[in-house]
Amino acid sequence: MFALRGALCRARVAPFGRAAFSRHARRVSVIRRAAAAASADATASDGDASSTPKKKKKKPPPPPFFLSPPHPPPSAETWQNLVLLMDKPKGWTSFDVVGKTRSMTRKFGVKKVGHCGTLDPDATGLLILCVGKATKMVDSFTGMDKVYTGVLRLGEGTPSQDAATEVDEEEPWEHVTDDALLNEAAAMVGEITQIPPMYSAIKVKGERLYKAARRGETVERKERKCIINSFEVSRDDPQDARNVSFRVDCSKGTYVRTLAFDLGKRLGSIAHLTSLRRESIGEYDVRDAWTTDALFEACGPQLEAFLEAKREAENPKNDEKNVVPSLPAFEALPGYETRVRVLQSITETDSASISVTVTKGSAVTVHATGVVEETGETFWSTKDPGQTPFSYVAGVGAVIVGWDRAVLDRKAGEVLEARIPAKEGYGEGGFPAWGIPPGGTLLFTIEVLAVENE
């Protein structure tokens, strides 16, 4: 030890002799530092655990606003954290409802919209949508019990266990009595196991089951447990005893069509689901839900006001170069859901043509541009290269209903916008060839070029 200290002293006094012992000195220094570090670690491990800094807990998101009909949210900012109860129509997928709703929320500056539990296209009823920050609550809703009503048909089976596919199997059903129905339905109350249907979105070995089903293949599926809280059945159709009405209260993950299929098997027959409606999710009831049309009608004025305020903020009035004239509000046509507003004309026409009004039987020539409101994409324009103004006869069904009614009573030289819902446009099924989705809303800008009356 003393020899070592002496060596260190000599190193400080005579730096030219460092090469002879610097390696030894550095080794001792490393050993000492390692010992000091080990001592510090031991002290920390034996000390108070509270000395370790704790991670800050994330604050829970603020509770969302639950929007019920018939009024819009209290403010445009409410859309940032909102829960909607929607009544899904037949023929729409759950994503169709999400997409339709998102087409409006995006304009409020909110992109996130999620649903809390899929409904098959042929089913109707309650679909909970979470908007904005409320999407963090999706799992809390999907885990809730659900109540369904519907009708099953005895004696007939389908590959999908519902009416989405054709009947491919028949079994005797006449022996099924009312008492047998009640008893077998009651026996299914409690925890049961189900084999998911082949026509389902469950993945097996990375592939959705319905894809294999469409190829005519059957894949082995694992049983799943679910809980049936109550299962009520009755024969309410005096014309056909095969039709059985039901009401079921069940847990998450229950396949109601499989429940109908299994009941048919228990009765010594077969059955498939012919209609299904989701009545409630937890404490939330479909009677408090919006239809998509009612939601857009109620919130339309708020959206227009929000967009107008946004335009004014982006183009201050004190900057004359950026002043944008405010647009008139859309007005509903009496007896129709199509809404129209007249814009400032962009063409110059003589006074004689201006006096000509579109009536039933008028030959009308227009320039027009059509946009899918949900996506903002233009699907048709007479001003595109190779296109020409469009001519038709008004009031005789030559064009879609919403367009026809919007242009009636207008004058040559006017420019208008028409917001046309699906049922007054190309139908609820949309127009896939033109990129118009099911239930899509069309926004046409129509410039009336000429009107000829007999």
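**Note on charged side chains in the predicted model**

1. R419 forms a salt bridge with E304, the closest N and O atoms being 3.7 Å apart; the term denotes a side-chain nitrogen of Lys or Arg within 4 Å of a carboxyl oxygen of Asp or Glu. The pair joins distant parts of the chain, with R419 in strand β20 (residues 415-420) and E304 in helix α8 (residues 292-314), 115 residues apart. Helices (H or I, at least four residues) and strands (E, at least two) are DSSP runs. Both R419 and E304 are buried, where buried means under 20% relative accessible area, exposed over 50%, and partly exposed in between (1.4 Å probe, protein chains only).

2. This is a predicted model, in which local features need pLDDT of at least 70 and side-chain atom pairs count only at pLDDT 80 or more, while totals for chains, interfaces and linings use all residues. Residues are numbered from 1 along each chain, and side-chain values use heavy atoms, with hydrogens and water left out.

3. Within helix α8, E308 and R311 are three residues apart and so separated by about one helical turn. E308 counts as buried at 16% relative accessibility, whereas R311 is partly exposed at 30%. Salt bridges that share partners also join K107, E304, E373 and R419 into one network.

4. R235 lies in the loop between β11 (224-234) and β12 (243-250), and D178 in helix α5 (residues 178-187), 57 residues apart. R235 is partly exposed at 24% relative accessibility, as is D178 at 45%.
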